[in-house]
Each structure stands twice: as structure tokens, then as C-alpha cells.
Amino acid sequence: MYTPAHFAPSPDTVESLLQHAGAANLVTMTEDGLLATLLPFVYEPSIGERGALHAHMARNNTQWSSAATGEALMIVQGNDAYISPSWYASKAEHGRVVPTWNYSTAHVYGKLVIHDDADWLGRHVRRLSNQHEAGMPRPWAVDEAPERFIAGQLKAIVGVELVITRVEAKTKLSQNRAPADVDGVIEGLRARGDSASAADVERARTS
């Protein structure tokens, strides 16, 4: 990944992205060519030297049963946003401004491990559900559903674990702009209702 020094995130920022992103595209090279599937995932930092991403896919999806050649890749995407040049204070000074796009992303490479057993899947779907239900007024839990129903649902999916070997990450969040321009970006994003992207820019400025 092309990453200029001013867009290189700290290890803590990468860790936060992996902890809080909801889904990622799993990309594998197989005998049938490139295959890709968008999967919700959970980051498990205690596994291996660099952690692992745990996900699942439909049993009918042939990607899990098509042997991956070399490393597999999961593309994790954080918040992203269009940045209007009209938000820059420097527009009024010299006009030499153009639109751009802000984003946070991580390319997570690793060894793909398939888990086709109910115990692993049961633990995984509970962790995944609990993670996303945590902010709900009345969080739903897997065990609220009938046991036989859940058992049937688990038979229809297969577990996917990416044991991480390396991570290439980038946070392009207006770090290359003058302070007044950054102020304008934050104000513009907030005015548009994109408070999450505005907060990302604010954190990048103070980190």
C-alpha cells in the first residue's frame, strides 16, 4: 500500500481500527482466480504473534473450500468521506485547492484457517453478536433463540480465521493540510452530519 509518512498510523490507531471496524473483504487467490467476500469479523489480538480476524461465511460459498494460494487478505475499511475544497481556508487565499477523499484502511494479510465445527462457530457468533449488540437499549443474545434453531443455523455456515502475518495501514485524514484547513474540514463534515469522520480528523490532528 502506498503510504506517505504523514498518513502512516500509529500501532494504537491500527489496533483501534481492527477493534471497531464492522466488516472486511476477504480476498483469496485460488485455482479459479481471485475470490472475495464481505464478512463481519471480530479481532482476536491474543492469537499468534499479531492476532487474528475471526469471521464466517455461508457453507454454500465456495471461497472457503477453494484452497488459497499464499497469503489471504482482509481489507478493513474505517470511516471515509468526500472533502470539499470549499472547506479550506486556503481557498480564499490562493484558490489552489482540489477535492480529495479522507479514509482509514488496513490491509491485513495472513494464513487462512477454516473452522468447520459447531463449538468454534458457537463461540464466534456469540462474540460477534455481543460486540454489535452492546450498544443496543435491550441487547439481543444468541441464547435467546431456540437451541435447535441455532444449531441448524450453525450448520449453514463455516468459520474463517485469518492468522495475521502483517498489516499495512493508512489513515488519510487531512494531516497534510494547514491547521486552518483542518478546522474547515472538521466544520464542514460536522455541518454535513458526518460526525464520525469529523472525529477521525480531530483525533489525527492531536495524535
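**Pockets and their linings**

Mentor: The largest pocket holds about 460 Å³ of space. Keep in mind that this is a predicted model.

Trainee: How is such space found in general?

Mentor: A probe the size of a water molecule is rolled over the atoms, and this shows where empty space is left.

Trainee: Which residues are the closest to the centre of the largest pocket?

Mentor: Thr13, Ser104, Thr171, Asp200 and Arg203 are, out of 20 residues that line the largest pocket. Two or more lining residues come from each of helix H1 (11–20), strand E4 (72–83) and helix H6 (195–206). H1 has the largest share, with 4 residues.

Trainee: How many of the residues in the lining of the largest pocket are nonpolar, polar and charged?

Mentor: There are 6 nonpolar, 12 polar and 2 charged residues in that lining.

Trainee: How much space lies in the second largest pocket?

Mentor: About 170 Å³. Its lining consists of His56, Val125, Ser129, Trp140, Val142, Ile150, Gln153, Leu154 and Ile157. Helix H3 (118–133) and helix H4 (147–155) are the elements that each supply two or more of these residues.

Trainee: Which element gives the largest share of the lining of the second largest pocket?

Mentor: H4 does, with 3 residues.

Trainee: And what classes of residue line the second largest pocket?

Mentor: The lining has 6 nonpolar and 3 polar residues, and no charged ones.

Technical notes
Residues numbered from 1 in each chain as written. Predicted model: local features only at pLDDT ≥ 70, side-chain atom pairs only at ≥ 80, totals over all residues. Heavy atoms only, no water. 1 Å grid on protein atoms, 1.4 Å probe; cavity = no way out; pocket = protein on both sides within 12 Å on 5 of 7 lines; lining within 4 Å. Points joined across faces, edges and corners; volume = space filled by probe spheres on them. Nonpolar A, V, L, I, M, F, W, Y, C, P; charged D, E, K, R; others polar.
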